[in-house]
Amino acid sequence: MTLVATANSSSESRALREREATVRRFALTDLIFRGVAKGSAILVLLILSGVAVSLVVGAWPALAKFGPAFLGTESWNPVTENFGALAPIYGTVVTSAIALLIAVPIGLGIAVFLTELCPRPLRRPIAIAVELLAGIPSIIYGIWGLFVFAPFLQRTVQPFIISVFHDVPVLNSLFAGPPYGIGMLTSALILAIMVLPFITSITKDVFDTVPTVLKESAYGVGCTTWEVMRRIVIPYTRVGIMGGVMLGLGRALGETMAVTFVIGNAHRVSASLFAPGTTISATIANEFTEADGEIYTSSLIALGLILFVMTFIILAAARYMLLRIERRAGA
């Protein structure tokens, strides 16, 4: 009897030691995981801070020389070293805004069609075709836009629009000038095609996360497809939709090669969307290798700093808007 009790006690002690060793191992693993995760987050902040500091340091000579007037000056003259960022900022904002105005409704429509209306055998081929657009290099879009799309617009679309709005106030200024083919509108259309697959793919994926029971319940009480999308699907997935739109906006703001091919690369501000213009990324790509002198190089780096700040402000505003929407929904 004593031997049996001793054996049982020994087994319990061994099991207790094994449990303690397992707990210590789990605690060590959890500690390592927390340290790696925390270090990764800190590393991201350090990289972001390093990029911001390097841009500020590189842009400081130009900012110190031109001051706040750098943001409101249209002139860009490397010979006299007189630089202003107004034309690139204007071109970046206008082309990106027009691209989103075109791509967001179309992307949402494609996502709704694929998730709610498309016959099942066609869903996968259409989804793959949309996603393949995202895999096309931007320089291919630029070449296609320069040699195919821009001549088509120059021969057909732009002359028609100019003749239609010739006597309409405001619109005759917005669509004025000779039909160059290239210009800000052409660049915005190319950007819309480029950001469309990102918005569509993300929106479709978040639409698929909506519980089927919610949609079936709405259909069961007599809701139409439009009412289900408006009152059930879109409110449920608004954060994901906003994420897709922000991803598309980031791609539009920073796109370089495709825009460089078709925007005309003219440092001037024009009310006409048919007129040539430029963007921040196109200006940097075109002129950075030829920049000589401290002020010229610093001015290009200052453009990069402006684009960095613009992107940060847009993302912060989008996040703030989402927080307000969530608070309103919670209330």
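Residues are numbered from 1 along each chain as its sequence is written, and side-chain values use heavy atoms, with hydrogens and water left out. Because the model is predicted, local features need pLDDT of at least 70 and side-chain atom pairs count only at pLDDT 80 or more, while totals for chains, interfaces and linings use all residues.

**Exercise 1. Confidence**

State the mean pLDDT of the protein chain, and find the elements with the lowest and the highest mean.

Solution. 
- Step 1: pLDDT is the predictor's confidence in each residue, from 0 to 100.
- Step 2: The protein chain averages 86, and 94% of the residues score at least 70.
- Step 3: Elements here are DSSP runs numbered from the N terminus: helices (H or I, at least four residues) and strands (E, at least two).
- Step 4: The lowest mean, 81, belongs to helix α1 (residues 2-66), and the highest, 92, to α3.

**Exercise 2. The span of a helix**

Solution. 
- Step 1: Buried means under 20% relative accessible area, exposed means over 50%, and partly exposed is in between (1.4 Å probe, protein chains only).
- Step 2: An α-helix has 3.6 residues a turn, so residues three or four places apart point the same way.

**Exercise 3. Aromatic pairs**

Classify the ring pair of phenylalanine 165 and phenylalanine 175, and then that of phenylalanine 175 and phenylalanine 274.

Solution. 
- Step 1: Rings of Phe, Tyr and Trp (its six-membered ring) pair if their centres lie within 6.5 Å; planes under 30 degrees apart count as stacked, over 60 as edge-to-face and the rest as tilted.
- Step 2: The structure holds seven aromatic pairs.
- Step 3: The ring centres of phenylalanine 165 and phenylalanine 175 are 5.5 Å apart and the planes are at 25 degrees, so this pair is stacked.
- Step 4: Phenylalanine 165 sits in the loop between α5 (138-164) and α6 (171-174), and phenylalanine 175, ten residues apart from it, in the loop between α6 and α7 (184-208).
- Step 5: Phenylalanine 165 has 25% relative accessibility and therefore counts as partly exposed, whereas phenylalanine 175, at 15%, counts as buried.
- Step 6: For phenylalanine 175 and phenylalanine 274 the centres are 5.6 Å apart and the planes at 55 degrees, so the pair is tilted.
- Step 7: Phenylalanine 274 is in the loop between α11 (257-262) and α12 (280-287), so its pair with phenylalanine 175 ties together parts 99 residues apart in sequence.
- Step 8: Both phenylalanine 175 and phenylalanine 274 are buried.
- Step 9: Elsewhere, ring pairs link Phe66, Phe70, Trp76, Phe83 and Tyr296 into a cluster.

**Exercise 4. Two packed helices**

Describe how helix α3 (residues 86-117) packs with α7.

Solution. 
- Step 1: Axes are lines fitted to C-alpha atoms, for helices over the stretch in contact, and angles run from 0 to 180 degrees between N-to-C directions.
- Step 2: The angle between α3 and α7 is about 40 degrees, and their axes are 6 Å apart.
- Step 3: A crossing is left-handed if the near helix is turned anticlockwise from the far one by less than a right angle, and right-handed if clockwise.
- Step 4: α3 passes α7 in a right-handed crossing.
- Step 5: The residues of this contact divide into 24 nonpolar, seven polar and two charged. Here Ala, Val, Leu, Ile, Met, Phe, Trp, Tyr, Cys and Pro count as nonpolar, Asp, Glu, Lys and Arg as charged, and the others, Gly among them, as polar.

**Exercise 5. Single residues**

Solution. 
- Step 1: The C-alpha atoms of alanine 87 and isoleucine 280 are separated by 8.6 Å, although the two are 193 residues apart along the chain.
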